[in-house]
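Subject: Structure for you to look at

Hello,

Here is the structure I said I would pass on. Please open it next to this email; my notes on it follow.

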Amino acid sequence: MVSFYNSSGTQVTEFLMICFPGMQDTQQWLSIVLAPLLVLALGANFVLLLTIWQEVLLHEPMYYLLAILSVLDVILCLTVIPKVLLIFWFNMKPISFVGCFLQMFIMNTFLPMESSTFLVMAYDRYVAICHPLRYPSIITEQFVMNAAIFIVFRNLLATMPTPVLAARLNYCASNVVENCICANISVAKLSCGDIRLNKLYQFVSVWCLLGSDLVLILLSYCFILRAVMHLKSGGAATKALSTCGSHLILILFFYTLLLVFIFTNKAGKNIPSEVPILLNVLHHLIPPALNPIVYGVRTQEIKQGIIRLFKYQR
């Protein structure tokens, strides 16, 4: 177990989270938006998971991948947003060292897991459109199991050093984190040690994981568009693109919001510090709320399954 001491030699046992340093008087109004979005995100994902579980017609690899995405969304939501709301409503700013680094670990690991899930889903759509006759033999339940193992271990091994490196620093100064969450750099900069390695590893790991996923996703959709353009039937082309529509919408939203957060965070003093903090919080809430809704509205099988689910409950 790692011990932490402040400058007076007294052991420090917790951090204090100061969400929006310049908006202390108005941050409670933000909870009016965050709380309903949290309820929507959790409710929509649980309904989607229950629908996939109960509907035999949805026991297919494509929907299993969607279930994995929902589980990751729920975990990310529950890791970040409840603590933010507790700070807003009850001024519960303290968080233990163990709790802080656990939150850091989950955020740094499960966010790339979500990106990897999008990558596997893109491959699923690529096979379905470019190699439809081979789809049943390639995209199987065993494929989903192997993909899940790949998603977990690839991101677990790559992101584990981030909280470990942060936890090994000597925290001898302030314990006030000017953020709503235990982000790696927000916590590490409170230490008295050299954090260049922390910054470098986070930069490399983020761009290697998320960057490679995004490149491969874009590449798969280039192959998909090329295959669609060679279809002679306009109706077949429309149907092929419609099967990718929901997935493409979620990918664009996920990576757009993520890239905006990264670039605003790098802008430093040119942008108010509250902006990247807010974007980071919203990135743990809006995609989880959006993902099941987009698939529920645009996918006929899921829509019918949800309708049958509520009829059965009555």
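Cys19 and Cys180 form a disulfide, with their sulfur atoms 2.4 Å apart. Cys19 sits in the loop between strand S1 (14–17) and helix H1 (27–54), while Cys180 sits in the loop between strand S3 (176–177) and helix H7 (184–188), so the bond ties together parts that are 161 residues apart in sequence. Cys19 and Cys180 are both buried. Keep in mind throughout that this is a predicted model.

**Other cysteines**

How many disulfides does a search of the whole structure find? It finds two. The other pair is Cys100 and Cys182, whose sulfur atoms are 2.1 Å apart. The torsion about their S-S bond is about -125°, so this disulfide is left-handed. It also links distant parts of the chain: Cys100 is in helix H3 (residues 97–130) and Cys182 is in the loop between S3 and H7, 82 residues apart. Both Cys100 and Cys182 are buried.

Cys222 is in no disulfide; the nearest cysteine sulfur belongs to Cys130 and is 11 Å away. What keeps Cys244 from bonding to the closest cysteine sulfur? That sulfur, in Cys130, is 8.6 Å from the sulfur of Cys244, which is too far for a bond, since a disulfide needs the two sulfur atoms within 2.5 Å. Cys244 has a relative accessible area of 2% and is therefore buried.

**The largest pocket**

The largest pocket holds about 1100 Å³ of space. Its lining is made of 40 residues, and those nearest its centre are Ala183, Ile185, Gln202, Phe261 and Asn265. Which helices each supply at least two residues of the lining? They are H3, H7, helix H8 (196–229), helix H9 (234–266) and helix H10 (274–283). H8 provides the largest share, eight residues. By class, the lining of this pocket divides into 20 nonpolar, 15 polar and five charged residues.

**The cavity**

The count of cavities of 30 Å³ or more comes to one. The largest cavity has a volume of about 50 Å³. Its lining consists of Met62, Leu65, Met121, Asp124, Arg125, Thr243, His247 and Tyr295. Helix H2 (61–90), H3 and H9 each give at least two residues to this lining, and H3 gives the most, with three. Four of the lining residues are nonpolar, two are polar and two are charged.

**The largest nonpolar core**

In soluble globular proteins, nonpolar side chains tend to be buried together. The largest nonpolar core in this model has 46 residues, and the ones with the most contacts inside it are Ile52, Leu66, Phe118, Met121, Ile217, Tyr221 and Ile302. H1, H2, H3, H5, H8, H9 and H11 each supply at least two residues of this core. The largest share, 12 residues, comes from H3.

H8 has 34 residues, which at 1.5 Å a residue should span 50 Å; its end C-alpha atoms are 48 Å apart, so the two values agree. The buried residues of H8 include Ser205, Leu209, Asp213, Ile217, Ser220, Tyr221, Ile224 and Val228. An α-helix has 3.6 residues a turn, so residues three or four places apart point the same way.

Helix H11 (residues 286–298) has 13 residues and reaches 18 Å from its first C-alpha to its last, close to the 18 Å expected at 1.5 Å a residue. Its buried residues are Pro287, Pro288, Ala289, Asn291, Pro292, Val294, Tyr295 and Gly296.

Asn91 lies in the loop between H2 and strand S2 (94–96). It is not a glycine, yet it has a positive phi of about 55°.

Is Ala147 buried or exposed? At 7% relative accessibility, Ala147 counts as buried, because the cut-off for buried is under 20%. Ala147 is in helix H5 (residues 141–159). From C-alpha to C-alpha, Ala147 is 28 Å from Val281, and the two are 134 residues apart in sequence.

Regards

Definitions and conventions: Residues are numbered from 1 along each chain as its sequence is written. This is a predicted model: local features need pLDDT of at least 70, side-chain atom pairs count only at pLDDT 80 or more; totals for chains, interfaces and linings use all residues. Side-chain values use heavy atoms; hydrogens and water are left out. Helices (H or I, at least four residues) and strands (E, at least two) are DSSP runs, numbered from the N terminus. Buried means under 20% relative accessible area, exposed over 50%, partly exposed in between (1.4 Å probe, protein chains only). On a 1 Å grid over the protein atoms alone, a cavity is a set of points where a 1.4 Å probe fits but cannot get out, and a pocket is an open set with protein on both sides within 12 Å along at least five of seven lines; lining residues have an atom within 4 Å of a point. Grid points are joined across faces, edges and corners, and a volume is the space filled by probe spheres set on the points. Ala, Val, Leu, Ile, Met, Phe, Trp, Tyr, Cys and Pro count as nonpolar, Asp, Glu, Lys and Arg as charged, and the others, Gly among them, as polar. The expected span of a helix is 1.5 Å times one less than its number of residues. A nonpolar core is a set of buried Ala, Val, Leu, Ile, Met, Phe, Trp, Tyr and Cys residues joined through side-chain atoms within 4.5 Å.
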